[in-house]
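Please look over the sequence and the structure before reading on.

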Amino acid sequence: FDCKKPTVPIITWKSEKPALTPSHVSSPLKRITPEEAGIPSETIAAFLRDIKNDISLNMHTILFVKNGCVIAEAEFGEYDMDIPKYVFSASKSVTALAIGMLIDEGRLSADEKLIDIFAEKLNPISKLKLRDITVETLLTMKSCVVFNELGSMTVTNWQETFINSSIRGNINKDFNYNSLNTYMLAAIIKKKTGKDRKSVV
């Protein structure tokens with residue numbers, strides 16, 4: 001469980017995502033100097049030195065953005081800006097932001113029910129079990145769907161896992177941190193927009 005050390009999987013597992021290879025990462029953001037943004041370069045340099053010298057941080061990469069422009073970026077140790085990184089649960093915030101954008105555009109409602117969005121994937125029992133789960137339920141981690149975070153590597157179809165999982169607790173009342181909630185939000189985004197990660201990179 002130490003993210004600083006590589007581990008050899010003991011369970012055969014196939015990723016649902018395509019393999020990624022190092023490549024230059026394009027950015028729509030304009031590059032300017034810190035001074036052009038009103039910040040002395042030495043201030044950023046001193047901050048970067050402090051981060052580098054603090055071994056407790058385990059820093060990978062950092063990007064400074066001001067007024068929609070990149071003013072500085074840095075890599076630490078063997079990390080490379082052109083290689084995709086594991087960002088773990090930071091992805092939950094980005095996914096929630098995308099959901100908010102769909103709601104703002106009128107393409108989705110926080111009250112929309114999961115059983116209506118994925119009607120074609122659900123059998124009568126699943127529809128009954130999941131009938132009270134809405135987009136807001138998933139956003140607030142109150143689906144009460146049972147999911148073992150540490151066991152996530154043993155399954156490859158998380159939508160099916162969510163649909164077939166048991167319920168423990170009171171839906172829309174009991175909070176339970178669960179990555180499947182966010183995964184289902186990502187599935188909703190894909191369904192509503194017709195785009196996946198490969199379509200927007």
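M141 is found in the loop between helix 5 (135-139) and helix 6 (158-164); here helices (H or I, at least four residues) and strands (E, at least two) are DSSP runs, numbered from the N terminus. The model is a predicted one, in which local features need pLDDT of at least 70, side-chain atom pairs count only at pLDDT 80 or more, and totals for chains, interfaces and linings use all residues. Residues are numbered from 1 along each chain as its sequence is written, and side-chain values use heavy atoms, with hydrogens and water left out.

M141 is not a glycine, yet its phi is positive, at about 55 degrees. Most residues other than glycine have a negative phi. With a relative accessibility of 7%, M141 counts as buried. Buried means under 20% relative accessible area, exposed means over 50%, and partly exposed is in between (1.4 Å probe, protein chains only). The areas themselves come from the Shrake-Rupley method with a 1.4 Å probe, and for residues only the protein chains shown count as cover.

N58 also has a positive phi, near 50 degrees, and is a residue other than glycine. The place of N58 is the loop between helix 1 (41-53) and strand 2 (61-66). Is N58 buried or partly exposed? Its relative accessible area is 27%, so N58 is partly exposed.

Now take the chain as a whole. The protein chain has eight helices and three strands, and from the N terminus on its elements run β-α-β-β-α-α-α-α-α-α-α. Of its 201 residues, 26% count as buried. The protein chain exposes about 13,900 Å², and carbon and sulfur atoms supply 57% of that area. Contact means heavy atoms within 4.5 Å. Among contacts in the protein chain with a separation of 6 or more, 62% are between residues 24 or more positions apart.

Helix 1 comes next. It has 13 residues and reaches 18 Å from its first C-alpha to its last, close to the 18 Å expected at 1.5 Å a residue; the expected span is 1.5 Å times one less than the number of residues. Which residues of helix 1 are buried? They are I44, L48 and I51. Seen down the axis of helix 1, these buried residues fall within an arc of 60 degrees, so they line one face of the helix. The arc is that of the directions from the helix axis to the C-beta atoms. An α-helix has 3.6 residues a turn, so residues three or four places apart point the same way. The buried residues of helix 1 pack against strand 2 and strand 3 (69-75), while D50 and N53 are exposed on the other side of the helix.

With 15 residues, helix 2 spans 22 Å from its first C-alpha to its last, close to the 21 Å expected at 1.5 Å a residue. K92, T95, I99 and L102 are buried in helix 2. Down the axis of helix 2, its buried residues lie within an arc of 80 degrees, so they line one face of the helix. What covers them includes helix 5 and helix 7. The face turned away from the buried side of helix 2 carries the exposed residues S93, V94, L97 and D104. Just after helix 2, G106 takes a positive phi of about 80 degrees.

The side chains of S179 and K92 make a polar contact at 3.0 Å. A polar contact is a pair of N or O atoms within 3.5 Å; within protein, one must be able to donate a hydrogen and the other to accept it, and residues adjacent in sequence count only if both atoms are side-chain atoms. Leaving aside residues up to four places away in sequence, S179 touches K92, F147, E149 and W158. S179 counts as buried, at 13% relative accessibility.

F118 sits in the loop between helix 3 (114-117) and helix 4 (124-129). Its relative accessible area is 2%, so F118 is buried. Not counting residues up to four places away in sequence, F118 touches Q159, M184, A187, I188 and K191. F118 and A187 are 69 residues apart in sequence and 9.5 Å apart in space, C-alpha to C-alpha.

How many disulfides does a search of the whole structure find? It finds zero, a disulfide being a pair of cysteine sulfur atoms within 2.5 Å. C69 is buried, with a relative accessible area of 14%, and C144 counts as buried at 3% relative accessibility.
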